[in-house]
Amino acid sequence: VSARVTLLTDFGTRDGYVAAVKGVIAAIAPESIIDDAAHDIGFGDVREAAWALARYWRRYPPGTVHVCVVDPGVGSARRALALHAERRFFVGPDNGVFTHVLSDADFQAVSLENSTFHGGDISATFHGRDVFAPVAAHLARGVSLDELGPAVTDPVRFEVARPHREGGVVHGEVVHIDRFGNLITNIPAQLIADGARVGIDGHDLGTVRRTYADAARGDALALIGSDGMLEVAVRDGRMNGAVGTRVRVTQSD
Amino acid sequence: VSARVTLLTDFGTRDGYVAAVKGVIAAIAPESIIDDAAHDIGFGDVREAAWALARYWRRYPPGTVHVCVVDPGVGSARRALALHAERRFFVGPDNGVFTHVLSDADFQAVSLENSTFHGGDISATFHGRDVFAPVAAHLARGVSLDELGPAVTDPVRFEVARPHREGGVVHGEVVHIDRFGNLITNIPAQLIADGARVGIDGHDLGTVRRTYADAARGDALALIGSDGMLEVAVRDGRMNGAVGTRVRVTQSD
Amino acid sequence: VSARVTLLTDFGTRDGYVAAVKGVIAAIAPESIIDDAAHDIGFGDVREAAWALARYWRRYPPGTVHVCVVDPGVGSARRALALHAERRFFVGPDNGVFTHVLSDADFQAVSLENSTFHGGDISATFHGRDVFAPVAAHLARGVSLDELGPAVTDPVRFEVARPHREGGVVHGEVVHIDRFGNLITNIPAQLIADGARVGIDGHDLGTVRRTYADAARGDALALIGSDGMLEVAVRDGRMNGAVGTRVRVTQSD
C-alpha cells in the first residue's frame, strides 16, 4: 500500500490542471489515495495556503505526502523543495508555503535537483504536474528524501506577526478570516489569563467564552478556536474586521 | 479493507478544516477511501444538507459511513449521534440533518458519549474533527454502534411539508431548487394520475413530460425528477420560484 | 484492485448528485478509487468539459475510466457512449465531449445499449447515475467494451478551430481562458519559428518568452503553455480577451 497524498493548490478544478496532477501521481503510485485539501486558495496567496496546511498536516498519519502548489514564481529561479517533518512529507515551491511547518517542527529539506524523479518533459509553467506530482508519488512509494537532491538548510519563510505583552495587556492581530467570518488571531490560549477581557478596534467583547452558543444570536464574542488561538466571532453571523486588525487582551486586576 | 467514508459539510475547503477531518479519519483508518459529497452547503443550512444526503446515502454500498457536519449548534447541548439504517452508518449532530433518513428507513441511534472513540483533546467548536471524524473512522474499522454510547430513540427531525389532496387537486410546494434551476416539489409521482395538469403560481405547465428535451428551448415544463418527485424546470434555462412556492396537480376529467 | 475512475461534471456538489454517482460506482466496484476531476464545468458547456478532459486523460495510467457527464441533452435521442483509446476508457454522452480524445488517438466506441450493465430503474434525466456510473464501474472491474453495446464509428465531434498560415504569418485564435486569466490559443509550439513575434488584437507582445517571470509584473507576454500551445498572459495578472480573439505569429525576417 502506498501512502496517502494530499493536494493543496490555487488551480481551481475546471481547467483540468488538478486532474492532470492526480493522473501523474496515479500513474507512478497506482495504489495511492489522493485526498483533495483545497483547490480554491486565492491566486498565488502563499500565506493563505500556509495557513490551511498548518491546520491539517499533523492530523494525517505518518508517511502522508502533502503537496502544496501555490506557486506564483513557477519557472523563475525559486527552488523546488521536499521536506520531512515529524514523519510526514511535503512537496512544493520554496516560497514560504511551508512557513508554519518549519516553525512548528524539526525538519529536513532538499532541493529537487535530481531529475530522475521528475516527469519526462518539464514545462516552464506547470511544475505541479511535471516536478511536484512525480516527486510526491515517488515519496509515497518509499523513495527517500536524500535521493531527491541536495540538502537545503534555509527554506524561505515569510514573517509571521507575533503577539507582544505590555504590562497587563497582550497585543495581537487578526491573521486569518475563515469562511464562517471568524477572525483568527495570533494570540494563543496560553497568553490569556482567567478573567481577561478581549477588545478589538476599541470594542469590548468581555471575557473569553467557551463556544458560539455562549453568546446571543448576532452578538460578538471571543473564544479559543479549535487550533488553540484566540478568535473573534459573531454567533450565527460574520464578524467585521480584516487581516491585521488589532486585538488586545487585558488582564483583570 | 476499511469501509468507505463520505463527507458532507458547510466548511468550504480553503481554510483546511475539511482536510483536518480527513486526516483524522486517515490516521485511525488508513485504508479507508474518503469521498467528498459536498463542502459548499450553505452555512448552517441543515435542511439543504438533509436534502443532499437523502439523494445519495442508499446509493453507497452497505458498510459505508456517511459523515454530515452542518452544525451551527456546535458546543451547545445538542447531542452528537451515530445511526445505523439499512446497513449504512451515519455520524453527525442531532439537529435534523438526518431527517430524511429517519423518515425513510428503520434505524438505530446512539448518543456519542463514550469518549474512548473521540479525539484526544476535544475543542468546543470543531466536533467535526474531534468527535465525528474519529467515530466515523472507528465505525469504518468495524466498531459496533452500541459501543459508542447509549441508545437514542428520539433523534431531532424538522417538519417536512407534505402534499395534500382536495377533490381532484393535489397541492404541494417547492422544497428544493437545484444548481440547474430546477424546482423540486414534495409531490411524488405516485400522486399524479395520467393526463393530470401541473400549475405553479397560476401558470399552467400542461401535462407531465418525460424529459427536458420534450419542451422547446426556454419553455417551462413539469416532469418526474430522478428521485421520483415532480419537478418544474425550463429547458436549457432556470425556472423562477422559491422554496415554498405552491404547486398544484389537477386531475383531468 | 479495481481501476481508478475520474469524474467530470457540471453538477456542482451541493445537491448531492455527484455523491449519488459515486455511491453507484462504489456499490458495483467497492475497491475503486474515485478521483474528482471537476464538478464546476459551466452548465451544459460541452466544449469546456472537452478541453479539461484533454488536459488530463493521458496523464492517468492505463485502465483508468474517465466519466464525463456534461449532458444537456439527457433523455433525448442522443446516444450514450463508452470509448477505449490508448488503454484508457471513457464513458459519457455522445455530444462532443470526447472531441479532443477522438482527434488525438485511435479509438473504439460502443453505444451503451446493453441494459445488463445499467442501473435497475433508469430515470429520464439522470443518466450520470443510472447509466454512466454503473457502466464505468463495470469497466473498472474488467468488463470489456464490446459487451456494452454495438460499435459506433461516428461519435459526435464539434468543430475545432485550426490555425492557418499565410506567407510568414500564422493566424490562430484564443480557444480557452483558464482560471488564472491566461488565454490559450490553438497555435502549437511547432508552428512558431525562433524569433517570431506574437500579436493579439493589434497589440505586439514581442517574442515568445519561457515563463511568466520573464516579463515585468503587470506586463503582457506570450509563452508556450504546459500543453505545448501558445498562450498569452499577464504576469501576476489577467489578460483581456475572449474565446475567438485573433492571435497572429509573425516570422522575423
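**Talking through chains A and B**

Q: Take contacts in chain A between residues at least 6 apart in sequence. What share joins residues at least 24 apart?
A: That share is 66%. Keep in mind that this is a predicted model.

Q: How many helices and strands are in chain A?
A: Chain A has four helices and 14 strands.

Q: And what does its C-alpha trace span?
A: Along the principal axes, the trace of chain A spans about 65 × 35 × 35 Å.

Q: What percentage of chain A is buried?
A: Of its 253 residues, 59% are buried. Here, buried means under 20% relative accessible area.

Q: What about the accessible surface of chain A?
A: That surface is about 9900 Å². Carbon and sulfur atoms account for 46% of it.

Q: Switching to charges. How many positive and negative side chains does chain A have?
A: There are 25 positive and 32 negative side chains in chain A. The centres of the two sets are 4 Å apart.

Q: Now the sheet in chain A. What is the strand order?
A: The order is S2-S1-S3-S5-S4-S6. These six strands of chain A form an open sheet with mixed pairing.

Q: Which strands are at its edges?
A: In chain A, they are strand S2 (34-38) and strand S6 (107-111). Each of them pairs on one side only.

Q: How are neighbouring strands of this sheet turned against each other?
A: On average they are turned by 20 degrees, direction ignored.

Q: Do S1 and S3 of chain A run parallel or antiparallel?
A: Parallel. Five bridges join S1 (residues 5-9) to S3 (residues 65-69) in chain A. As an example, Val5(A) has Val65(A) as its bridge partner in S3(A).

Q: Which strands does helix H1 of chain A touch?
A: Helix H1 (residues 17-28) packs on the sheet and touches S1 and S2 of chain A. Its direction makes about 155 degrees with that of S1(A).

Q: On to chain B. What is the strand order there?
A: Six strands of chain B form an open sheet, in the order S2-S1-S3-S5-S4-S6, with mixed pairing.

Q: Why do S2 and S6 of chain B each have one side without a neighbour in the sheet?
A: Because strand S2 (34-38) and strand S6 (107-111) of chain B stand at the edges, each with a single partner strand.

Q: How many bridges join S4 to S5 in chain B?
A: Six bridges join S4 (residues 80-85) to S5 (residues 88-93) of chain B, and the two run antiparallel. In S5(B), Val91(B) is the bridge partner of Ala82(B).

How values were computed. Residues are numbered from 1 along each chain as its sequence is written. Chains are lettered from A and ligands numbered from 1 in the order in which they are written. This is a predicted model: local features need pLDDT of at least 70, side-chain atom pairs count only at pLDDT 80 or more; totals for chains, interfaces and linings use all residues. Side-chain values use heavy atoms; hydrogens and water are left out. Buried means under 20% relative accessible area, exposed over 50%, partly exposed in between (1.4 Å probe, protein chains only). Contact means heavy atoms within 4.5 Å. Accessible areas come from the Shrake-Rupley method with a 1.4 Å probe; for residues, only the protein chains shown count as cover. Lys and Arg count as positive and Asp and Glu as negative; His and the chain ends are not counted. The place of a charge is taken as NZ of Lys, CZ of Arg, CG of Asp or CD of Glu. Two strands pair if DSSP finds at least two bridges between them. Axes are lines fitted to C-alpha atoms, for helices over the stretch in contact, and angles run from 0 to 180 degrees between N-to-C directions.
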